[in-house]
There are 2 protein chains.
Amino acid sequence: MINALYRNMLSGKSVIRELSEYAQNLGAQIGEENIFDFSLGNPSVPVPQAFNDRVVELLRTESSIAVHGYSPSLGIPSVREKIAASLARRFGLPYTKDDVFMTSGAAGALAHAFRLVAGPGDVILTFAPFFPEYHPYVDLSTGAKLRVVPARTEDFQINFDAFEQMLTADVQAVLINTPNNPSGVVYSEETLRQLADMLLQKEKEFGHEIWLISDEPYREIVFDGRQAPYVSAFYPRTISCYSYSKSLSLPGERIGYVAVNPQSGVSSLLVNMCGQISRGIGHNCPSSVIQLAVADVCDMTADLSIYETNMNLLYDGLTRLGFDIVRPGGTFYMFPKALEADANAFSRKALQYGLVLVPGDTFGVPGYFRIAYCTDTKKVVRSLDAFERFVKAEY
Amino acid sequence: MINALYRNMLSGKSVIRELSEYAQNLGAQIGEENIFDFSLGNPSVPVPQAFNDRVVELLRTESSIAVHGYSPSLGIPSVREKIAASLARRFGLPYTKDDVFMTSGAAGALAHAFRLVAGPGDVILTFAPFFPEYHPYVDLSTGAKLRVVPARTEDFQINFDAFEQMLTADVQAVLINTPNNPSGVVYSEETLRQLADMLLQKEKEFGHEIWLISDEPYREIVFDGRQAPYVSAFYPRTISCYSYSKSLSLPGERIGYVAVNPQSGVSSLLVNMCGQISRGIGHNCPSSVIQLAVADVCDMTADLSIYETNMNLLYDGLTRLGFDIVRPGGTFYMFPKALEADANAFSRKALQYGLVLVPGDTFGVPGYFRIAYCTDTKKVVRSLDAFERFVKAEY
């Protein structure tokens, strides 16, 4: 019989997808140029030319079997080696290839990470605001439950009081996302130290390990010339889930990795377990030619400067219009407070001005909205006029 | 805590992998040229040049976002359209893009197919000899159980008496693999008609649907100028699971699809459900550039003729030595009867002659062994001398 679990999921609509479809239809009516679609987090800059050149070189010079042959289930060894060496060099942890498992992007990485350290009846904690796909990722993986710690809205760092209350003995893993979708906030060193301290303390209290799963696809998109503090450096039992979708601007190629902190003492065990998890979820590695090409450009990024340009334009323009915004430290998102308590009503009104904004309810923080500004800078500039007309007419 | 399910799987060794590693070590000692490694089903011919050319053309002429941007979760619409049109043209069923879901190879396709139509407590039946990875595929997917119908060793078609006995009301799906790994046998039209008749009869008797999951990565590797009967044409509730790994010889690119028979009346529902299943297993599509390139060469194959050449050499040579073999109709496998009842003992002795053969126990048929002849023809010819020395000395 047809599986009711997945059948019933079809009636649960994605707010983001609905908004995006609505925007497309509206665009067809009033003209694309009058629609400011800030709904989708889809990278808008080109991949580095070196990536495409490397793919072409591989196809032209290597044997078909070397380029298109089976990859071992943990990933191509030379690829894992290059990525581990890059991580070790950049972040000062003694990664080797045995700590790295190649995945189909961050979604694939998280699918493995959850299964590594959680099972039926366990709890995974995360922090609002959070990426809504974490719910199906966890709910459909291991029988564990995802619980969400309320936001600390003054700066979108961690609400430690609420966290401590919710950090009960059935919590096996804590999931963080910094730089954060949707707030754009980068967790500070102080936040990460305090988080690590609390986890270590609770591990002792509960007598079992608590794993930190770090979802970090925006790690390289950081503003003001800074670097995001590297999560794994703060806590030994960290599983880093990375994707090249944003840093190299190739989301369709589905390439990322799990990197287990070698200081956990069990990194090689967990990486080998990922190979077993893969057998049940039909993973069997990302594309071999994409693995080989990414490994050779893994220290590069696309030209990500447009995101900072857009952020500054929007942050300055919107604060001038009276919006209350925690200034993003990275990503291509910001998460302002709506101008009325009901962010859904706010977003519906905004649509009449061509502004497609996602209400914060989806991210676990009602009364806020997300702007995904991975778009053309000219359009960002023009959107500020639309924002002004919207605010002056409605509020 | 670390998930015991996957941790414990690490101690379960793969017979095929162990043999392959043993062969590599032996090769280092006595010379690669003296090892005849028939253990792995790894395609040995190059991808068609047109595939690589199309990748290069896409990278050189299309925008980065068109080539490397997010694919919708069901796959790129133009890709699904081209594949559906090809299937419709070749097999006479009215496929449209709504019936096709792009996957990471056949493993990804099966991971979705099992979740579509089976849940906890259900039974999926398959037929010996069978690909041993079906066990983790099913056991780790939906809580269903895989049961194996004993082989009909005279021709490796279906043992219908045993099948009818095992086809009880808790069976929700039947899984077949034709052309078959490991036997190389292609199910005849008569077999498929009889299978469909029995399923239709039992559906009525039980008052519920029974789905036929058809794993067909070897569909294009058929000998004697024939075509493999197309499974879905025989039974409306068929889910075809395909991979381009073998036909285009690019197993590392992880590209395939689920095609649900449009005559099932629910194909579009099931394809949309695949999009939901993906959210839990972190699938999110195969690589976009690989999707785009494969769609443009989906009616081509690599030069597969070497497999037929190798099959004929081995079949003739081994039958002359007294082996009892069902002549393969396709694939790059054959599955002869061992020369003693214990195929494990037989394979161990064979190793002393440099012959790496996989005992049939792994495939659910003790007393037989698998030869994977996706290898150099010269080596196949030389292996016949090794087989002769082996047989004359030991039996």
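This is a predicted model: local features need pLDDT of at least 70, side-chain atom pairs count only at pLDDT 80 or more; totals for chains, interfaces and linings use all residues.
Two residues count as in contact here if their C-beta atoms, placed from the backbone, lie within 7 Å.

**Two domains in chain A**

Chain A splits into domain 1 (4-47 + 303-394) and domain 2 (69-296). Taken over C-alpha atoms, their centres sit 27 Å apart. Where they touch, 25 residues of domain 1 of chain A are in contact with 30 residues of domain 2 of chain A. On the domain 1 side, the elements giving two or more residues are helix 12 and strand 9 (333-334) of chain A. Helix 12 of chain A gives the most, with 3 residues. By residue type, that domain 1 side divides into 15 nonpolar, 8 polar and 2 charged.

Now for helix 14 (residues 377-394) of chain A. Its 18 residues reach 26 Å from first C-alpha to last, close to the 26 Å expected at 1.5 Å a residue. Within helix 14 of chain A, A:Val380, A:Ser383, A:Phe387 and A:Phe390 are buried. These four cover an arc of only 70° around the axis, which puts them on the same side of helix 14 of chain A. Over on the other side, A:Lys378, A:Asp385, A:Lys392 and A:Ala393 are exposed. So what covers the buried residues? The cover includes strand 1 (36-37), helix 12 (305-320), helix 13 (343-351) and strand 10 (355-356) of chain A.

**How the two chains meet**

Chain A can be laid on chain B with an RMSD of 0.0 Å, using a turn of 180° and a shift of 0.0 Å along the axis. That's the relation of a two-fold axis. At the interface, 59 residues of chain A are in contact with 60 residues of chain B. Several helices of chain A each supply at least two residues to the side touching chain B, among them helix 1 (4-9), helix 3 (49-61), helix 10 (267-281) and helix 11 (288-296). Helix 6 of chain A gives the most, with 8 residues. The chain A side divides into 28 nonpolar, 24 polar and 7 charged. And 100% of the interface residues of chain A are also interface residues in chain B, so the copies meet through the same surface.

| Site | Feature | Value |
|---|---|---|
| B:Ala128 to B:Pro129 | cis peptide bond | omega near -5° |
| B:Asn181 to B:Pro182 | cis peptide bond | omega near 20° |
| A:Thr331 | positive phi, not a glycine | about 70° |
| B:Ser249 | positive phi, not a glycine | near 60° |

B:Pro129 is in the loop between strand 3 (123-127) and helix 7 (134-139) of chain B, while B:Pro182 is in the loop between strand 5 and helix 9 of chain B. A:Thr331 belongs to the loop between helix 12 and strand 9 of chain A; with 31 C-beta neighbours inside 10 Å, A:Thr331 counts as buried. B:Ser249 lies in the loop between strand 7 (238-243) and strand 8 (256-260) of chain B, and B:Ser249 is buried too, with 25 other C-beta atoms within 10 Å.

**One more loop residue**

B:Ser188 is in the loop between strand 5 (171-176) and helix 9 (189-206) of chain B. Leaving aside neighbours within four places in sequence, B:Ser188 is in contact with B:Gln157 and B:Pro229. The C-alpha atoms of B:Ser188 and B:Ala228, 40 residues apart along the chain, are separated by 8.0 Å.

How values were computed
Residues are numbered from 1 along each chain as its sequence is written. Chains are lettered from A and ligands numbered from 1 in the order in which they are written. The expected span of a helix is 1.5 Å times one less than its number of residues. A residue is buried if 20 or more other C-beta atoms lie within 10 Å of its own, exposed if 12 or fewer, and partly exposed in between; C-beta atoms are placed from the backbone. The arc is that of the directions from the helix axis to the C-beta atoms. Copies are superposed by least squares on the C-alpha atoms of residues with pLDDT of at least 70 in both. Domain bounds come from an automatic or database domain assignment. Ala, Val, Leu, Ile, Met, Phe, Trp, Tyr, Cys and Pro count as nonpolar, Asp, Glu, Lys and Arg as charged, and the others, Gly among them, as polar.
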